[in-house]
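Subject: Structure handover

Hello,

Here is the structure I promised to pass on. Please open it before reading my notes.

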Amino acid sequence: MIAGVRDRGEIYTDYKFGATTVGIPEADIRRHTREIHDIMGELGWRTHTAEELRLKARADFNSRVDERIANWNSLAELEARAADSCKPTGGRYAEIPMLIYEGEEAWAEQLPQATKLMMSEEYARRVRHLVATNRISNDEYRILTGSIW
């Protein structure tokens with residue numbers, strides 16, 4: 001990647017030690033790491049500060065909560081569909097609540113009770129029932145759950 005971005009006729013082996021660093025002196029590993037960091041800096045890449053990462057994580061959490069609220073609000077309309085109105089998915093789907101990643105627990109705890117319900121097993125149960133009764137398609141299931149498969 002670095003060689004391709006720099007476009008100086010280099011190839012990836014100009015930057016890669018190999019599959020392992022076994023047998024390479026620690027001083028060479030540190031020097032190589034510094035050189036790579038310098039090159040990445042020249043390309044305008046940098047590491048994020050802890051505060052930037054915290055803000056990004058919080059924004060991601062808020063976005064997932066907002067998406068879950070919107071999806072929850074669409075469930076009644078989907079539940080009003082006739083059973084077997086969609087082609088059977090043939091899949092078995094797990095009932096899991098919205099994922100809360102490490103470090104997000106305190107944020108989740110501060111949410112209103114109604115929002116917590118939308119993130120709970122109750123949401124997953126309702127979505128699973130929509131699948132079981134063929135009221136939603138595979139694509140709709142993926143939208144409602146954020147699944148990529």
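Below are the notes on what was found.

This is a predicted model, where local features need pLDDT of at least 70, side-chain atom pairs count only at pLDDT 80 or more, and totals for chains, interfaces and linings use all residues. Residues are numbered from 1 along each chain as its sequence is written, and side-chain values use heavy atoms, with hydrogens and water left out.

The core first. The largest nonpolar core has twelve residues, including Trp72, Leu75, Tyr123 and Val127. Such a core is a set of buried Ala, Val, Leu, Ile, Met, Phe, Trp, Tyr and Cys residues joined through side-chain atoms within 4.5 Å. Helix 3 (50-79), helix 6 and helix 7 (138-145) each give two or more residues to this core. Helix 6 gives the largest share, four residues. Helices are DSSP runs (H or I, at least four residues), numbered from the N terminus.

Next, arginine 126. It is found in helix 6, residues 121-132. Leaving aside neighbours within four places in sequence, arginine 126 is in contact (heavy atoms within 4.5 Å) with Trp72, Leu75, Ala76 and Glu79.

Last, arginine 135. It sits in the loop between helix 6 and helix 7. Arginine 135 is buried too, at 15% relative accessible area. Not counting residues up to four places away in sequence, arginine 135 touches Leu78, Glu79 and Glu140, among others.

Best wishes

Terms used: Buried means under 20% relative accessible area, exposed over 50%, partly exposed in between (1.4 Å probe, protein chains only).
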